[in-house]
Amino acid sequence: MRFLAYFLVLFILGACTDTTVHVKRGIYFWENNTRELTAENRDALDALEIQKLYVKVFEVDRVNSINQAIAKTQLKLDQEVVKRVEVIPCVYMLNSVFIESSKKELDELAVNVAHLIDKYTSEKLLRGTKINYSEIQIDCDWSEKSQGNYFYFLRKMKTASKKKISCTLRLYPYKFHKVMGVPPCDRATLMCYNLLNPLKNPRKNTILDTDEMAKYLDTKIDYPVALDVALPVYSWMQCYDGRRFKGVVYGPVEAFSPLLKHDKGLWNTMLRDTVVSDIYLRKGDRIKIERVSKQDLAKAVEIIHSSNALSNQSVFSYFHLNSAELKFYNYETLNAHFTRLSR
């Protein structure tokens with residue numbers, strides 16, 4: 001009996017300190033002009049056993065002192081995809097919306113955004129029927145200046161939509177939440193990329209710098225809102241005419257290799273005049289190619305694993321769904337990262 005009592009005490013203590021984590025598998029789809037998922041992208045959803053698909057449905061910008069929905073997606077999903085994954089509609093919102101809007105305008109905006117999401121998911125996103133969704137995600141790089149209005153809007157969105165509201169969260173407001181505040185959401189997705197200013201860091205990969213990332217993912221942080229995490233799996237070219245920034249061309253970057261001569265590090269030179277993604281590139285332009293290496297992606301996963309960010313039933317996501325980019329890492333490796341974060 002004494003042994004049995006001792007065993008029961010150990011069992012109860014173990015249950016109270018259980019740190020088991022079972023992550024759900026997510027991925028983002030962020031393209032505007034794509035009308036349907038390619039067969040390769042549908043295969044990627046299957047190969048990675050994706051459970052949550054975050055789809056940007058439109059953006060909101062401040063145009064001529066009026067808040068307007070722009071860059072609406074053309075995507076239509078089919079029944080087979082929706083049977084396999086949960087779809088979370090996302091809205092990207094410019095910070096200027098919250099800096100320049102009055103409370104009255106934000107009241108109206110919350111109602112309009114909720115209505116547009118419902119209209120899109122009812123009439124356009126799924127061929128022939130309505131998508132039943134339980135969560136909306138708001139993506140905004142909010143600042144101290146916009147914090148009050150942004151948080152006000154999130155509360156109004158909760159009321160207007162009657163859905164769970166999640167938001168994206170950058171590493172700075174995550175670590176310094178006592179200064180930046182905590183968004184009033186059901187969940188927040190920690191976006192662990194685009195950590196550095198490209199113009200101020202010409203020698204570093206500004207999509208993901210793992211040393212910089214590690215500075216923010218402190219294991220002592222106990223964030224007040226349930227967290228999910230996203231890591232980047234994409235590439236791009238930053239284009240410069242001398243020192244003047246001309247724009248970004250999204251990858252996969254291998255397609256542009258014949259146009260470039262490698263110089264040093266991440267830098268290349270354009271070999272001839274051409275137009276790419278509406279950017280006029282001239283011979284001699286400087287091109288910085290950035291991609292998250294397989295080694296850095298694995299290191300970032302280890303940093304997250306060692307941190308206090310993920311808990312049971314958190315979502316770990318890749319940004320974003322592009323089969324050509326995903327194959328650079330291969331599906332086996334990407335699946336292994338999902339497994340590694342479940343413990």
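Is F151 buried or exposed in this structure? With a relative accessibility of 7%, F151 counts as buried, where buried means under 20% relative accessible area, exposed over 50% and partly exposed in between (1.4 Å probe, protein chains only). The structure is a predicted model, in which local features need pLDDT of at least 70 and side-chain atom pairs count only at pLDDT 80 or more, whereas totals for chains, interfaces and linings use all residues. Residues are numbered from 1 along each chain as its sequence is written, and side-chain values use heavy atoms, with hydrogens and water left out.

The predictor's confidence in each residue is expressed as pLDDT, from 0 to 100. The protein chain averages 92, and 94% of the residues score at least 70.

As to the overall form, the secondary structure of the protein chain comes to 12 helices and 16 strands. These elements are DSSP runs numbered from the N terminus (helices H or I, at least four residues; strands E, at least two). Of the 343 residues, 48% count as buried. Among contacts between residues at least 6 apart in sequence, 74% join residues at least 24 apart.

Helix α2 (residues 39-47) contains the buried residues N41, A44 and L45. Seen down the axis of α2, its buried residues fall within an arc of 100 degrees, so they line one face of the helix; the arc is that of the directions from the helix axis to the C-beta atoms. The cover over these buried residues includes β1 (24-29), β2 (52-63), α3 (79-84), α11 (323-329) and α12 (331-341). Just after α2, E49 takes a positive phi of about 50 degrees.

The structure holds 22 aromatic pairs, counted where rings of Phe, Tyr and Trp (its six-membered ring) have centres within 6.5 Å, with planes under 30 degrees apart classed as stacked, over 60 as edge-to-face and the rest as tilted. The rings of F98 and Y150 have their centres 5.0 Å apart and their planes at 65 degrees, so this pair is edge-to-face. Because F98 lies in helix α4 (residues 95-100) and Y150 in helix α6 (residues 147-161), the pair ties together parts that are 52 residues apart in sequence. F98 is buried, with a relative accessible area of 1%, and Y150 is buried at 0% relative accessibility. F316 and F338 also form an edge-to-face pair, at 5.6 Å centre to centre and 80 degrees between the planes. F316 belongs to strand β16 (residues 315-319) and F338 to helix α12, so their pairing ties together parts 22 residues apart in sequence. Y28, W30, Y54, Y193, Y234, W236, Y250 and F319 form one aromatic cluster.

The residue of the opening question, F151, is placed in helix α6. Not counting residues up to four places away in sequence, F151 touches W142, M180, G181, V182, P183 and P184. F151 and C185 are 34 residues apart in sequence and 8.8 Å apart in space, C-alpha to C-alpha.

Key:
Contact = heavy atoms within 4.5 Å.
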